[in-house]
Amino acid sequence: MAIEGLKRLDGKVVVITGGAQGLGQALSMRFAAEGAKVVIGDLNEAGAAETAAMIGENASSTKVDVTSEESCDELIKFAVEKHGKIDVVVANAAVLFSGPIDEIPVARFQLVVNVGMTGFFLTARAATKQFKKQGYGNIIQINSKSGKKGSYKNAAYAGTKFGGIGLVQSFALELAENNIRVNAICPGNLLNSPLWQNSLLEQYGKNQGLTKEEVYTKYVNQVPMKRGCDYDDVANVAVFLASEESSYMTGQAINVTGGQQMMP
């Protein structure tokens, strides 16, 4: 459930990658509702523009390819030229292809790594250049519970997310002296999202010899709270990390999993 009316991000400029659809779109809308100016970057330029139009005057959009250093630099330049600064960068862009180790095409494995891990590095790199000029900044990576625990026949995604947490911790150590915070959010399975409903339930069912309905039930039953993760569950934590309420936190990877993943 969203927490309404607090406007905890008034005056902040938030840049988010992968904001054209799904969780990224939901986060963009929530940041704007909390008073932020939102800059949405996505390879799907039309989808990013549509999300910005849904939000209204507090949002703008541009095309970005997070696997390109130049494109990531251009995203940050676009945001700074429009707003004069950036306060928060949310690295949300990712792709997911699952499959057995001896069957998943190498090209698909590499694409998952290039978008999810190298893309995070390049997004953080571009943001850091601007944050050092400003004297402050805040980087949030959207990670996964798969960054804490191996994922069956899903090595490319899990490996990328494990690596992402390593980057978060390393960046946090390096950038603390520059007044730049770096944290991650590790959501559980977003079972009711379009990604799961239209793609992953079928992918995982094929890998595991189950129907889509059986996959859904299996994953719900793995959660102590007996429900999937919702967009609002992630957005509540994202707003907290983007706000000054979390000003003494860096290098953390926060589980939002209904108890499915606890420590660490």
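A cavity is here a set of points, on a 1 Å grid over the protein atoms alone, where a 1.4 Å probe fits but cannot get out, whereas a pocket is an open set with protein on both sides within 12 Å along at least five of seven lines; lining residues have an atom within 4 Å of a point. By this rule there is one cavity of 30 Å³ or more. The model is predicted, so local features need pLDDT of at least 70 and side-chain atom pairs count only at pLDDT 80 or more, while totals for chains, interfaces and linings use all residues. Residues are numbered from 1 along each chain as its sequence is written, and side-chain values use heavy atoms, with hydrogens and water left out.

**Cavity and pocket**

- The largest cavity holds about 70 Å³ of space, a volume being the space filled by probe spheres set on grid points that are joined across faces, edges and corners.
- Its lining has 13 residues, of which Ala91, Asn92, Ala93, Gly116 and Phe120 lie nearest the centre, and helix H4 gives the most to this lining, with five residues.
- By class, the cavity lining has six nonpolar, six polar and one charged residues, where Ala, Val, Leu, Ile, Met, Phe, Trp, Tyr, Cys and Pro count as nonpolar, Asp, Glu, Lys and Arg as charged, and the others, Gly among them, as polar.
- The largest pocket contains about 1200 Å³ of space and is lined by 49 residues, with Ala94, Val95, Leu96, Tyr157 and Leu195 nearest its centre.
- Elements that give two or more residues to the pocket lining include H1, S2 and helix H4 (106–134), but H6 gives the most, with five residues.
- The pocket lining divides into 21 nonpolar, 22 polar and six charged residues.

- Helices (H or I, at least four residues) and strands (E, at least two) are DSSP runs, numbered from the N terminus.
- The buried residues of H1 are Leu23, Gly24, Leu27, Ser28, Arg30, Phe31 and Ala32, buried meaning under 20% relative accessible area, exposed over 50% and partly exposed in between (1.4 Å probe, protein chains only).
- Among the elements covering these buried residues are strand S1 (13–17), strand S5 (137–142) and helix H8 (231–242).
- Just after H1, Gly35 takes a positive phi of about 100 degrees.
- A nonpolar core is a set of buried Ala, Val, Leu, Ile, Met, Phe, Trp, Tyr and Cys residues joined through side-chain atoms within 4.5 Å; of the 42 residues in the largest one, Leu27, Phe31, Val90, Ile185 and Trp196 touch the most other members.
- The largest share of this core, seven residues, comes from H8.

- Thr51, placed in helix H2, counts as buried because its relative accessibility is 0%.
- Leaving aside neighbours within four places in sequence, Thr51 is in contact with Gly19, Ala20, Gln25, Ser28 and Ile40, contact meaning heavy atoms within 4.5 Å.
- Leu75 is found in helix H3 (residues 69–83) and counts as buried because its relative accessibility is 3%.
- With neighbours within four places in sequence again left aside, the contacts of Leu75 are Val15, Thr17, Val39, Gly41, Thr62 and Val64.
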